[in-house]
Amino acid sequence: MSTSSIPAAAPGRVLATLNEDGTRRWIRPRPSPGGFLRWRRAVAYLLMLVFLVIPYLRMGGRPLVLLDLPRREFTLFGTVFLATDMLLLMLLLVGTVFAVFLLTALAGRVWCGWACPQTVYMEFLFRPIERLFEGGRSGSLQLDRERWGGFLNGRRLAKNGVYLVLSLFLAHTFLAYFVGVDQLEVWVRRSPLDHPTSFIVMAGTTALILFDFGWFREQTCLVACPYGRIQSVLLDRESLIVAYDYNRGEPRTKGRAKAEGSGDCIDCSACVTTCPTGIDIRDGLQMECIHCTQCADACDDIMRRVDRPTGLIRYSSRDALEGVPGRKLRPRVVLYPAALALSFGGFLVALNGRAPADVTVLRGLGEPYVIEADGRVANQLRVKIANRTNVARRYAISVDGVETGTVIAPDNPLPVDAGNTEVTTLFIMLPRSAFHDGEKQVTVRVDDGGGYTDRVSYRLVGPETEHDDHDRTRDGEPR
Ligand code: SF4
Ligand code: SF4
């Protein structure tokens, strides 16, 4: 940066949301109509609609998105990912991170300003409601000066009542992503006493949303969001940013009339009063700037009124603002797409090669084995089958290596719905002589009837000697 373009640091400021005595500085931004606002509003309402309807959408008979944490099953675009698909999910996550890196390198914090739920709901739902109830920015500032920050004022109480209802609604929508709309409907219809845990989860989520949009607000972006804090690493001098053209605007001079040698900025502070994070963009690129373009709209409006060209605050890059020619090739816009292609490519290959079922064989609960009344050794197994296909299947279960024994499988074949998981129990009875050193290796074979067979090796356990002291009958009594 050339020395002529280094903005002066704001005196005495710690955080935009704090006064110098440490008290909260409430940000009451004045909305600035303009071209960017129209587009952002359209994008915001579209995103709200998408967020609302996604839990209701289905693909291939499965929910479009369902993040079933208790069952450790994620459904994305109708495809089920189980706990055993951790590699796939990791590749997807890494690919998403690189996509964010690339987007930031190219377009700056476009996510923060245009699409982040925090910005979308705060600027296009909660703040407009606040202005409606409290009489705009001046009305809110007036209430802030009242006793207890105007908390007991009827208009503010009414606004908070609406906030509560909205938070409740958003909490239900949010939790639909984790429990599904059918389960959510059950929760809504039944008394909270029938499902106290889920009621507490719902109440907690509502309280968090209300706290965030009602009180914490822009501080989420300033102090809690990790993305904002790593901007200095993700942006380079050619990344697109919302920036004040320091060389054109300075030296700023108050008033419409342009004095000899003065810049275009008339120091009207319109860009400051509209900023939802309470900063002055003229201080240069700041971590608090979410690139929402509100200051660009505000300044364009002022420029039109004073008959000066718009774009004093605009999308640009640090190099472009300083007249530095751009590089032909920026390392990060080559490396990020390469890493992105590797991650998503790996994900697609692994997804394609994934088996249509996931079979897990576990030892039964209780004693590792029991001795039956006829002297045979019984092992109890649990066979867990996850059907990853989009059609219901019946899985035939058989065991290789038990020719001298008996297999009892109460649910065989085991029916499993599309995308679901079922567990069944197997009992394998073998003579003592089948065990060597207390072990017997067998293979559990699962056939889906559609051409897919999975084989899982399993070690049965039994007495180590002919008269093992640890022999147990089925009742647990020593023999
Ligand atoms: S400085 Fe401008 S772009 Fe940045 S957050 Fe404030 S209003 Fe939005
Ligand atoms: S809105 Fe434009 S003219 Fe007014 S203070 Fe900001 S940069 Fe200067």
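Let's start with Arg445, which is partly exposed at a relative accessible area of 26%. One caveat before I go on: this is a predicted model. Arg445 forms a salt bridge with Asp400, and the closest N and O atoms are 3.1 Å apart. Arg445 sits in strand E15, residues 439-447, while Asp400 sits in strand E11, residues 393-400, so this pair ties together parts that are 45 residues apart in sequence. And Asp400? Its relative accessibility is 29%, so Asp400 counts as partly exposed too.

How many salt bridges does the count come to? It comes to 30. Let me take you through a couple of others.

Arg156 forms a salt bridge with Asp144, with 3.0 Å between the closest N and O atoms. Here too the pair links distant parts of the chain: Arg156 is in helix H6 and Asp144 in helix H5, residues 136-144, and they are 12 residues apart. Is Arg156 buried or exposed? Arg156 has 5% relative accessibility, and the cut-off for buried is under 20%, so Arg156 counts as buried. Asp144 is partly exposed, at 21%.

This pair also belongs to something wider. Salt bridges that share partners join Arg28, Glu130, Glu134, Asp144, Arg156, Lys159 and Arg217 into one network. If you want the general idea behind it, side chains of opposite charge can pair when their charged atoms come close.

Where is Arg217 found? Look in the loop between helix H8 (196-216) and helix H9 (219-224). Its relative accessibility is 0%, so Arg217 counts as buried. Leaving aside neighbours within four places in sequence, Arg217 is in contact with Arg24, Trp26, Arg28, Gln118, Met122, Arg127, Glu130, Lys159, Tyr163 and Asp212. Take Met122 from that list: Met122 and Arg217 are 95 residues apart along the chain, and their C-alpha atoms are separated by 7.3 Å.

Which other residue has a positive phi, of about 55°, although it is not a glycine? That would be Asp267. Asp267 lies in the loop between helix H12 and helix H13, and at 19% relative accessibility Asp267 counts as buried. The side chain of Asp267 makes a polar contact, at 2.8 Å, with the side chain of Arg282. Arg282 is found in the loop between H13 (270-273) and helix H14 (294-305). Arg282 is buried as well, with a relative accessible area of 4%.

Back to the loop between H12 (246-249) and H13 for a moment, where Pro251 lies. The peptide bond from Glu250 to Pro251 is cis, with omega near -5°. Glu250 counts as buried at 17% relative accessibility, and Arg252 counts as partly exposed at 30%. There is also a cis peptide bond joining Asn412 and Pro413, where omega is about 5°. Pro413 is found in the loop between strand E12 (406-408) and strand E13 (414-416).

Now, some helix packing, with H6 in both examples. H6 covers residues 154-179, and it packs against helix H1, residues 35-53, at an angle of about 55° with the axes 9 Å apart. The two helices are therefore oblique to each other. On the H1 side, Val50, Phe51 and Leu52 meet Phe169, Thr173, Phe174 and Tyr177 of H6. The residues of that contact divide into six nonpolar, one polar and no charged.

H6 also crosses helix H7, residues 181-189, at roughly 125°, and the axes come within 7 Å. H6 and H7 are therefore oblique to each other. Which residues make the contact? From H6 they are His172, Leu175, Ala176 and Val179; from H7 they are Val181, Gln183, Leu184, Trp187 and Val188. Those residues divide into seven nonpolar, two polar and no charged.

Note on methods
Residues are numbered from 1 along each chain as its sequence is written. Chains are lettered from A and ligands numbered from 1 in the order in which they are written. This is a predicted model: local features need pLDDT of at least 70, side-chain atom pairs count only at pLDDT 80 or more; totals for chains, interfaces and linings use all residues. Side-chain values use heavy atoms; hydrogens and water are left out. Axes are lines fitted to C-alpha atoms, for helices over the stretch in contact, and angles run from 0 to 180 degrees between N-to-C directions. Helices (H or I, at least four residues) and strands (E, at least two) are DSSP runs, numbered from the N terminus. Angles under 35 degrees count as roughly parallel, over 145 as roughly antiparallel, 65 to 115 as roughly perpendicular and the rest as oblique. Contact means heavy atoms within 4.5 Å. Ala, Val, Leu, Ile, Met, Phe, Trp, Tyr, Cys and Pro count as nonpolar, Asp, Glu, Lys and Arg as charged, and the others, Gly among them, as polar. Buried means under 20% relative accessible area, exposed over 50%, partly exposed in between (1.4 Å probe, protein chains only). A polar contact is a pair of N or O atoms within 3.5 Å; within protein, one must be able to donate a hydrogen and the other to accept it, and residues adjacent in sequence count only if both atoms are side-chain atoms. A salt bridge is a side-chain nitrogen of Lys or Arg within 4 Å of a carboxyl oxygen of Asp or Glu.
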